[in-house]
Amino acid sequence: MSIAVEFHHVSYRYGRKFALQDLSLSIPKGKATGLLGENGAGKSTLLKLITSIGKPTLGEIKVFGQKPGWKVNEQIAYLGDRAQWYKFHSIEKAIQYAEKIFPNFQVQQAKEYLDFMKLDSKAKVGDLSKGQMMRLQLILCLSRKVDLFLLDEPLSGIDLISREKIIDLLIHLLSEQEVTIVISTHEIMETEGLFEHLIFLKEGKVVKSGNVETLRAREGSIQHIYREVFQ
């Protein structure tokens, strides 16, 4: 199995509190990996370290065999803290702006995703609902030609229709391109069918990981495993 990301005994501390503790894991290349855990488990911190937003207190990280940094980041699209687009911009203008600031951004791909996600290119950003805004954020992230996509809680706090459209878009991307996707979430019901590999995080530590089919055969549904881990 080819590896996209490796953590070797990584710890990360905010002041006196450890967000990650002696973390070792591998994220397979060319697959969709679910990073599962409750709020505060360390999921967002893990994704930020992959993109070199912060450095580990202890341990080593490799992304495609290299240390995290600006050079590796050219191969990564990260949906983390939500970008604040100008509210007076139209969606079409936001796409033009994204082309200027994001490496390897594909305008035509973004336009195709707009149709797929049922968004009007003439709509003003400031008029979008929370769910529509998340659809736009995801479009701008996924329209980059990169090898690794990191999506931090893309379904959190949005409406059911937007969730369904986002899942459909991710399935479409995985079927069309050989890319590595890591999605942090605690929304299991909607995302379970996306993943081929899972990592369960609790209090900054990996408590379980593995191939989805292997886990299901050994322990039951992913929802069952999640309850066992976090109850």
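The model is predicted, so local features need pLDDT of at least 70 and side-chain atom pairs count only at pLDDT 80 or more, while totals for chains, interfaces and linings use all residues. Residues are numbered from 1 along each chain as its sequence is written, and side-chain values use heavy atoms, with hydrogens and water left out.

Start with the three-stranded sheet. It is open, with the order S2-S1-S4 and antiparallel pairing. Strands (E, at least two residues) and helices (H or I, at least four) are DSSP runs, numbered from the N terminus. Two strands pair if DSSP finds at least two bridges between them. Strand S2 (17-28) and strand S4 (58-63) form the edges; each has a single partner strand, so one side of each lacks a neighbour in the sheet. From one strand to the next, the twist averages 15°. Axes here are lines fitted to C-alpha atoms, for helices over the stretch in contact, and angles run from 0 to 180 degrees between N-to-C directions.

Strand S1 (residues 3-14) pairs with S4 over five bridges, in the antiparallel sense. Within S4, Lys-62 stands opposite Glu-6. Helix H1 (residues 43-50) lies across S1, S2 and S4, and runs at about 115° to S1.

Contact means heavy atoms within 4.5 Å.

S3 runs parallel to strand S7 (residues 180-185), joined by five bridges. Thr-33 has Val-182 as its bridge partner in S7, and Leu-35 stands opposite Ser-184. S3 also runs parallel to S8, through four bridges. There the bridge partner of Leu-35 is Ile-199.

How many of the five residues of S3 are buried? Five of five are, where buried means under 20% relative accessible area, exposed over 50%, and partly exposed in between (1.4 Å probe, protein chains only). Ala-32, Gly-34 and Leu-36 point one way from the strand, and Thr-33 and Leu-35 point the other way.

Next come the cores. A nonpolar core is a set of buried Ala, Val, Leu, Ile, Met, Phe, Trp, Tyr and Cys residues joined through side-chain atoms within 4.5 Å. The largest has 49 residues. Leu-142, Phe-149, Leu-151 and Phe-200 have the most contacts inside it. H5 supplies the largest share of this core, seven residues. Neighbours within four places in sequence aside, the contacts of Leu-151 include Leu-47, Leu-79, Leu-138, Leu-170 and Ile-183. A second, separate core has 26 residues, among them Tyr-12, Ile-50, Ile-61 and Leu-148.

Gln-109, Ala-110, Tyr-113 and Leu-114 are buried. These four cover an arc of only 145° around the axis, which puts them on the same side of H4. The arc is that of the directions from the helix axis to the C-beta atoms. The buried residues pack against helix H3 (91-101), H5 and helix H6 (160-176). On the face turned away from the buried side, H4 carries the exposed residues Gln-108 and Asp-115. After H4 comes Lys-118, whose phi is positive, near 60°.

Leaving aside neighbours within four places in sequence, Thr-191 is in contact with Leu-155, Ile-167 and Thr-185. Arg-218 is found in helix H8 (residues 212-219). At 57% relative accessibility, Arg-218 counts as exposed. From Arg-218 to Leu-36, the separation is 182 residues in sequence and 18 Å in space, C-alpha to C-alpha.
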